[in-house]
Amino acid sequence: MDFSRSGRWHRTLALLALGLACALPVWADDEPGFDRPGLGFSTNPMNAGQFGYEQGLPDWSLNKDGGVTSRLSTFDSLLRLGVGSGLELQLGGSPYNSLRQTGGGLAQTSHGHGDSSLGLKWAPKTGSEAWDWGLLGTVEFNDGTPDFRSEQRVYTLGLVVDQKFSEKADLSYFAQWQRSAGRDNFLLAPDYNYQVNDLFGFYIEAAMLRDANHRYGSQAGGGITFAPLPRLQFDSWFRHRLGGRAAEWEAGLGVAMYFGR
């Protein structure tokens, strides 16, 4: 879906979703989890017929490479639809991106929309009180504007295993494989989550990366969540490069919500 051609529709949907998230009561006993913030994703998918909307406000990164500094702001959007039996369909995209590059005699700014993606999550019930897991496969289409488009389609498969220590604390283990143009990227990212109370939670995470050129990098960071309603969550997060090939800084603000029975 090309969100750049439907900006008015996109804003209308966001306002409608926010209103419904605030107005509708909670019917399901098994509350779905949100996929943002953090590198992994929730092992508790949308129930059948439930609809979720997650939006970066925006997400931002700073990277330095070859004497050129790049600052990227992106308004990532994710639409989630529960199918049932632990299955969830996802449609993603970034309707607006801004890239500023300086250094090495270069100073330019570009704007445009990013690639769209289609995903399928499967997170079945395990019957265990301590362990849950989920798989998420996505296809990213190279349909963005030139400065924000992948050279070819990107295929991604992610696995999350979640270990619960108590009602408030859990540890997630996230692994991701990504392939494009015959080359592979890998990511490992454990994170610790703690729910302070009904309103606030926080997490810390580490990430180990290997890119298609077999270069390694590492990051660490964390974030906080604020949920004024069971179906509405705001977030703030950051990551910082520890070493190797990785973005020097990443940070963001976002909102996530869901509605339906």
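Biologist: Is Asp35 buried or exposed?
Modeller: This is a predicted model, and the answer rests on its accessible area. Buried means under 20% relative accessible area. Asp35 has a relative accessible area of 8%, so Asp35 is buried.

Biologist: What is the relative accessible area of Arg80?
Modeller: Arg80 lies in strand β3. Arg80 falls under the 20% cut-off and therefore counts as buried. Its relative accessible area is 0%.

Biologist: How many residues apart in sequence are Glu54 and Arg80?
Modeller: Glu54 forms a salt bridge with Arg80, with the closest N and O atoms 2.6 Å apart. Both Glu54 and Arg80 are buried. Glu54 is in strand β1 and Arg80 in strand β3, so the pair ties together parts of the chain whose separation in sequence is 26 residues.

Biologist: Where does Lys164 lie, and where does Asp132 lie?
Modeller: Lys164 and Asp132 form a salt bridge, and their closest N and O atoms are 2.5 Å apart. The pair ties together parts that are 32 residues apart in sequence, because Lys164 lies in strand β9 (residues 154-164) and Asp132 in strand β8 (residues 131-141).

Biologist: What kind of aromatic pair do Phe75 and Tyr96 form?
Modeller: The structure holds eight aromatic pairs. In the one formed by Phe75 and Tyr96, the distance is 6.1 Å centre to centre, with 50 degrees between the planes. Planes under 30 degrees apart would be stacked and over 60 edge-to-face, so this pair is tilted.

Biologist: What is the relative accessibility of Tyr96?
Modeller: Tyr96 is in the loop between β4 (87-93) and β5 (97-103). Phe75 counts as partly exposed at 29%. Tyr96 also counts as partly exposed, at 37%.

Biologist: Which strand gives the most to the nonpolar patch?
Modeller: The surface patch includes Val196, Phe202 and Phe234, and has about 650 Å² of accessible area together. β12 (200-210) and β13 (216-229) each supply at least two residues. With three residues, the strand that gives the most is β12.

Biologist: Where is Val196 found?
Modeller: Val196 belongs to the nonpolar patch. Val196 is partly exposed, with a relative accessible area of 37%. Its place is the loop between β11 (183-195) and β12.

Biologist: Which residues gather in a patch of positive charge on the surface?
Modeller: One of them, Arg241, lies in strand β14 (residues 232-244). Arg241 is partly exposed, with a relative accessible area of 30%. The patch gathers Lys64, Arg71, Arg100 and Arg241.

Conventions:
Residues numbered from 1 in each chain as written. Predicted model: local features only at pLDDT ≥ 70, side-chain atom pairs only at ≥ 80, totals over all residues. Heavy atoms only, no water. Patch = residues over 30% accessible without salt bridge, like charges linked within 9 Å, V, L, I, M, F, W, Y side chains within 5 Å. Areas by Shrake-Rupley, 256 points an atom, 1.4 Å probe, with all protein chains shown as cover. Salt bridge = Lys/Arg side-chain N within 4 Å of Asp/Glu carboxyl O. Lys, Arg positive; Asp, Glu negative; His and termini not counted. Charge placed at Lys NZ, Arg CZ, Asp CG, Glu CD. Helix = DSSP H or I, 4+ residues; strand = E, 2+ residues; numbered from the N terminus. Buried < 20%, exposed > 50% of the residue type's maximum accessible area, 1.4 Å probe, protein only. Phe/Tyr/Trp six-rings, centres within 6.5 Å; stacked < 30°, edge-to-face > 60°.
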